[in-house]
Amino acid sequence: MAAVGDIVVAKKIGIGSASAVAALSLSVSAFAQQSSTPQSTELEEVIVSGVRESLVQGLANKREAVQVVESIVAEDIGKLPDNNVVEALQRIAGIQISNRGGGEAEAIVIRGLNDTTTTWNGRNVFTASPPPASGRQLALQDIPANLISKVDVYKTRAADQLETGLAGQIDVSTRRPFDFDGFEMSLNARATTQEQREDIDPNASLLIANNWDVGGGKFGVMANASYSRVRYRDQSVTAGALVPFATANNPPAGLNCNGSGTAANWTPLERIFNGDCRVSEDPIWQAGTDAGLSTAPGSTLSFNGVNYPYVLGRDALFASDLEGDRKRPAATLAVQWAPNDTSEYTFEAFYQGYREETFNSLHFTFADWWGSLGANPASTVTYYPGTNLIKTRTVGAPFGFNSGDATKSDTDTFVYALNGKWQIGDKLALSADLSIQDSEYNTRFIAVRTERVPGSITLDFNAGNGIPSWHFNNDAEMLSPSTWTVGALFQNRGRQKGGAETLQVDGDYQLGDGLFRQLSFGVRYDDRSAESFSPRPTPEPFLGRNMSTLPSGMISTNSGFFDGEGNIPTAWAVINGYYLLDHAAEVRALYGVPTGGPSLLRAFEVQEATASAYVQTDIEIGKLQGQFGLRYVTVDTDMDFLNIIGGDRSSASKSVSDLLPSLTLRYALTDQVTLRFNYGETLRRPAFNDLNSNFALTGDLTGVGYGTGTSGNPDLEPATAKNYDLTAEWYFASDSAIYGTLFRRDLEGLVVPLTRRVTIPNTGLNTSSFVVTQPVNASDGKLEGIELGFVYFPEYLPGILKGLGVTGSFTKLDSDQTIPLTSADGQIIGTEDVAIFGVSDTSYNITLAYDRAGLGARLSYVWRDDFLDRNEARIFANPIGIWRQSEASLDLQLSYDINDKLAVSFDAVNLTEEMEQSYYAFGSAGGPSTHNFGNLLISRSFALGVRWRL
């Protein structure tokens with residue numbers, strides 16, 4: 001007999017067949033049948049479990065699905081093969097993940113696009129959250145892996161699926177009581193540690209389920225709860241942005257600003273600021289161009305009509321030592337009742353919680369001061385060969401600050417759903433689903449800066465491998481509170497709220513054995529709300545007293561910074577962020593500001609009503625099967641805004657409708673080889689935060705003469721995609737397959753940032769001039785590529801090697817999108833082609849798997865090429881693009897079944913201790929050797945676990 005959790009693979013051994021073909025003992029829809037002609041078969045029972053079972057079930061889901069689908073299936077209750085959903089998906093063809101800080105990966109893209117629709121057991125769900133998700137998606141990293149049965153990634157879409165998500169749909173399935181034969185109880189517990197933090201953290205889940213025969217039907221209840229905690233440490237060092245300086249030997253001559261007629265020349269290596277009254281040109285240099293200022297030796301700028309050479313250097317260096325403590329409680333409850341064979345009712349409730357507290361010990365030093373250079377300024381700098389880029393320099397009396405930054409955030413998300421299914425006669429099946437959602441995200445931030453001016457700093461902007469180096473004349477002073485002056489207090493708060501009531505009704509009508517086999521239809525109505533709360537901007541008060549006079553608990557020092565990976569200071573004193581959170585009222589009283597902190601105002605509210613209907617038919621002609629459908633959707637959006645600076649209110653409304661066709665053709669070339677073609681159209685609706693017309697402003701923090709800000713755009717339209725896929729799949733054994741897909745996405749109306757210079761008075765900040773970025777539908781794009789994947793468990797291996805297998809995938813992408821070129825006032829004056837953000841041209845993964853005699857193992861390696869992560873603010877002289885260097889991770893999972901009730905496991909992530917690095921580039925300008933930017937240590941993590949089933 002197969003043990004609990006095993007599955008049976010039935011091998012077809014028909015006389016005269018060329019090879020054995022696998023069929024799983026899983027229910028298959030009429031559409032998924034390879035042939036309607038019954039065949040005589042002889043069945044041989046083969047038992048697989050654990051790692052191999054998970055991969056076999058994933059292949060079965062892919063083979064049976066109408067659309068192009070990839071699946072990750074839990075090996076056992078509470079055993080998805082990774083720490084969270086995002087990390088589990090990285091081994092699927094066409095999926096790339098990033099942002100591995102904070103003890104986990106959190107960003108996911110499917111075939112180069114990050115706009116996914118997230119569903120829970122088929123229902124659209126979301127998490128109220130700050131940008132970029134802004135309440136449109138579920139925070140997948142917040143779903144504990146312990147609760148998950150499987151995850152399906154739909155890369156193509158049928159008419160009966162949601163229309164949103166240019167990248168695809170990710171459906172997270174949790175368990176239900178009817179998944180079990182009777183009473184089930186299981187406990188999963190793990191102890192995890194992040195190497196940079198060295199704390200031991202819990203990760204546990206408990207599932208209890210039972211079914212009973214009630215009259216002529218069945219009744220079941222299941223409860224599943226999970227709790228996880230992760231304490232982590234993120235350490236990063238960054239070389240700042242490029243700005244122009246006068247040369248050491250030939251600084252420009254200038255006019256005297258006071259009108260005396262005496263020339264006021266630039267000092268050697270003086271930073272060149274726009275708006276300088278010593279010149280007639282304004283601006284002297286153009287900030288924020290795509291390629292940045294020229295790095296060729298001898299490049300010049302005009303000063304009063306005379307060309308003088310300039311050099312480029314970084315404005316600053318900074319280091320971040322961030323500690324975080326993240327807790328995630330979660331639970332699901334499901335009640336199922338099938339009173340007879342023709343009806344079934346399910347009630348489900350889902351809770352997802354998130355609690356996080358962070359303390360960032362930030363060290364920041366300017367590197368752009370031109371005073372105190374001595375008699376020979378040229379001797380204080382060196383350059384990258386063949387450029388005007390400063391590589392090393394000594395700066396006298398550089399201003400710097402440290403900041404103790406503390407953030408506390410929490411999210412609570414609740415989903416309640418009632419579902420009914422009815423079989424009416426032999427031909428009609430109906431289902432109805434009613435769900436209610438509520439989600440709220442809160443965050444508060446408080447920080448205190450300390451300032452000083454040391455004697456000097458000696459630095460190298462790239463001392464090796466993109467990591468800068470710097471030391472002060474006396475690094476020990478960084479640890480002495482008496483050398484620091486307590487500066488400004490910074491505060492912020494925020495709240496995001498979201499809700500939804502959704503009703504969906506679907507039907508399937510069997511049409512018989514002719515050309516048209518099934519008619520599907522359905523309607524859906526969704527009433528969404530989103531609210532955002534922000535405080536009014538206020539001036540940052542300045543304390544101006546010596547740090548040594550503060551209470552001892554208010555001062556913190558770190559140690560061992562950057563783990564020996566760079567030649568940089570390893571410790572400094574800073575205001576204790578934990579103290580700020582615990583004594584916020586006292587700190588505010590010290591600064592003479594209201595002790596309750598910033599008051600929240602409802603900045604905007606959005607009400608969005610979506611109505612949709614679809615009709616879809618399945619056809620079959622011999623070995624050719626098809627599915628064609630139309631989905632009509634209309635969206636009415638009402639928006640209400642509060643100008644949190646001026647206090648006036650405004651409103652806007654929009655209504656849009658779309659008719660979206662979809663077509664899938666599937667041809668059974670042989671019993672083992674299937675070809676698929678898919679065409680479909682999908683949408684990306686604007687993020688709720690992108691609709692907010694309010695300004696979010698930051699003052700002039702670095703002395704460039706203006707602050708920065710963002711604003712939404714209530715006139716945004718949905719972006720659209722036309723999607724083409726051609727797939728071939730060869731299932732050559734019961735647990736092995738090779739598959740490949742050619743795909744293309746034609747994108748229209750993508751939202752991109754548009755930047756302009758504006759004047760906004762009475763903000764309470766230290767400037768009224770701001771460079772503001774606003775989203776606009778001003779980009780079209782194209783994304784095409786190929787993805788290949790395979791799963792192979794050879795049957796011919798001898799002895800202990802039997803049970804060894806390998807799985808992997810490879811993705812090649814080519815992308816481009818048009819980006820608007822603008823004048824200083826934000827008018828679009830042209831376009832240019834750039835890569836789509838977040839797209840690596842090449843990525844692959846390879847996993848060695850082993851499953852034999854209760855031992856399961858995976859050794860997985862994933863890699864992705866460089867990619868454009870984002871654009872820098874257009875206020876500097878470097879290339880505009882911030883690119884991420886290639887990223888990789890080597891992970892190991894081991895498990896051993898002691899018996900059919902008890903198993904132990906060991907997991908290790910990032911065994912090779914990879915680093916997340918970035919650099920400035922645009923086209924041929926820039927690159928990691930001369931334009932290095934950020935460097936983040938990614939901690940290795942380890943976990944020991946035990947799983948027990950009653």
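A: The buried residues of H4 pack against strand S22 (428–452), strand S25 (485–510) and helix H3 (577–582), where contact means heavy atoms within 4.5 Å. This is a predicted model, in which local features need pLDDT of at least 70, side-chain atom pairs count only at pLDDT 80 or more, and totals for chains, interfaces and linings use all residues. Residues are numbered from 1 along each chain as its sequence is written, and side-chain values use heavy atoms, with hydrogens and water left out.

Q: Which residues of helix H4 are called buried?

A: In H4 (residues 584–591) they are Ala584, Val587, Arg588 and Tyr591; buried means under 20% relative accessible area (1.4 Å probe, protein chains only).

Q: What makes these buried residues line one face of H4?

A: Seen down the helix axis, they fall within an arc of 100°, so they share one face of H4. The arc is taken from the directions from the helix axis to the C-beta atoms.

Q: What is the volume of the largest cavity?

A: About 310 Å³, counted as the space filled by probe spheres set on the grid points.

Q: Which residues are closest to the centre of the largest cavity?

A: Of its 22 lining residues, these are Leu55, Ser71, Ile72, Arg91 and Thr807.

Q: Which element gives the most to the lining of the largest cavity?

A: Helix H1 (50–64), with five residues. Strand S4 (69–73) and strand S38 (804–822) each supply at least two.

Definitions and conventions: Buried < 20%, exposed > 50% of the residue type's maximum accessible area, 1.4 Å probe, protein only. Helix = DSSP H or I, 4+ residues; strand = E, 2+ residues; numbered from the N terminus. 1 Å grid on protein atoms, 1.4 Å probe; cavity = no way out; pocket = protein on both sides within 12 Å on 5 of 7 lines; lining within 4 Å.
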